Amino acid sequence: MYVRNLRAYYTIHKLYSEYNVYAVDGVNFSLKQNEIVGIAGESGCGKSTLIKVLYGLISPPLNVYSGEIIYDLGNKVINILSLGEKELENIWGNYLAYIPQGSMGSLNPTMRIKDHFINLIKHKTKTFDKTLIEESIAKYLDSLGLPIEVLTSYPHQLSGGMRQRIVIALATILQPKIIFADEPTTALDVIVQRGIIQLLGRIQKEQKSTLVIVTHDMNVHAELTQRMFIMYAGKIIEVGSTEDIFEEPLHPYTYFLINSLPQIGDKSRKLSLSGKPPSLINPPPGCRFNPRCPYAKDICRREEPPLRDVDSNRLVACHMV
């Protein structure tokens, strides 16, 4: 799968004016089979918008202005941006899966958990043997270590952590090739977060799928991902293996993200960034990080740095590297 020159903007109408919010602005990258990729960055940098577009969840005010998102389905190669609603429905669940933020909003409060699974499998596989479907659901939940008893529960009867596990199971029961997870550990306590991370890692390993996880929590990336994309103000500014990025961050923004993390036994003062992320309606010229960067030069304020190779499997968009 690869992405070329992707630009996705929110168009906002206010009084007699129209504004574009440059949420994803000129993004290029590729995904490999059977890998775990993390997308990191502060809130509002475009992470969630990016994976929505990759999945094909595009509706006003979000619009795609340019680019290609190419998937190899095995029997054919498609640009997901050219597909209609029915064609998208055919690949959602079977080839692409999306785990949204907020487990409670993803489940119908009037339906038992079992019925969520039955409806999904009937719709996606055209299988109507209820006994066979229920057996496959029970087998899958058991394989994930989830109690079968939850199938007779309503969403409100389950804890937040259990609801999130159910949403993950729903998204992956058909063994999709690529899974997009948007902040899957948000609003969960640390112990539950660890269980969610372990569940996602186990599913990816057993199904040999590609997992793309969005979170601003760098600890989640350190524990789960193999490769990372760092986003800032709608752009990818660094790409590399998770190990390389944590050991030697190349972009100043990445450096501050990592060195702001608390560590057990470390009583030194943590680094922090001054200022705040720029407006995506009117981003600054040059490097979008330059107003906050302590190393910015004149060229950083004039010219936008391209995302370029600096080492084997390392890319960075910075004039100083």
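Helices (H or I, at least four residues) and strands (E, at least two residues) are DSSP runs, numbered from the N terminus. The model is predicted: local features need pLDDT of at least 70, side-chain atom pairs count only at pLDDT 80 or more, and totals for chains, interfaces and linings use all residues. Residues are numbered from 1 along each chain as its sequence is written, and side-chain values use heavy atoms, with hydrogens and water left out.

View 1. Arginine 314 in strand E12. Strand E12 covers residues 314-316 and contains arginine 314. This arginine has a relative accessible area of 5% and is buried (under 20% relative accessible area; exposed is over 50%, partly exposed in between; 1.4 Å probe, protein chains only). The arginine 314 side chain comes to 3.1 Å from the backbone oxygen of glutamate 248. Histidine 221 in helix H7. Helix H7 spans residues 218-224 and holds histidine 221. Histidine 221 counts as buried because its relative accessibility is 0%. A polar atom of the histidine 221 side chain lies 2.9 Å from the backbone oxygen of threonine 215. Not counting residues up to four places away in sequence, histidine 221 also touches residues including Gly38, Ile213, Met228 and Thr242.

**View 2. Helices H3 and H4.** Two packed helices are described by the angle between their axes and the distance between the axes. Helix H3 (residues 113-125) and helix H4 (residues 130-143) pack at about 115°, and their axes are 10 Å apart (axes are lines fitted to C-alpha atoms, for helices over the stretch in contact; angles run from 0 to 180 degrees between N-to-C directions). The contact involves Lys114, Phe117, Ile118, Ile121 and Lys122 of H3, together with residues of H4 including Ile133, Glu134 and Leu141.

View 3. Four strands form an open sheet in the order E2-E1-E4-E5, with antiparallel pairing (two strands pair if DSSP finds at least two bridges between them). Strands E2 (17-30) and E5 (77-79) are at the edges with a single partner strand each, so one side of each has no neighbour in the sheet. From one strand to the next, the twist averages 15°. Strands E1 (residues 2-14) and E4 (residues 62-72) run antiparallel and are joined by seven bridges. Tyrosine 9 has asparagine 63 in E4 as its bridge partner. Helix H1 (residues 47-55) packs on the sheet and touches E1, E2 and E4, and its direction makes about 60° with that of E4.

Technical notes: Polar contact = N/O pair within 3.5 Å; in protein donor to acceptor, adjacent residues only side chain to side chain. Contact = heavy atoms within 4.5 Å.
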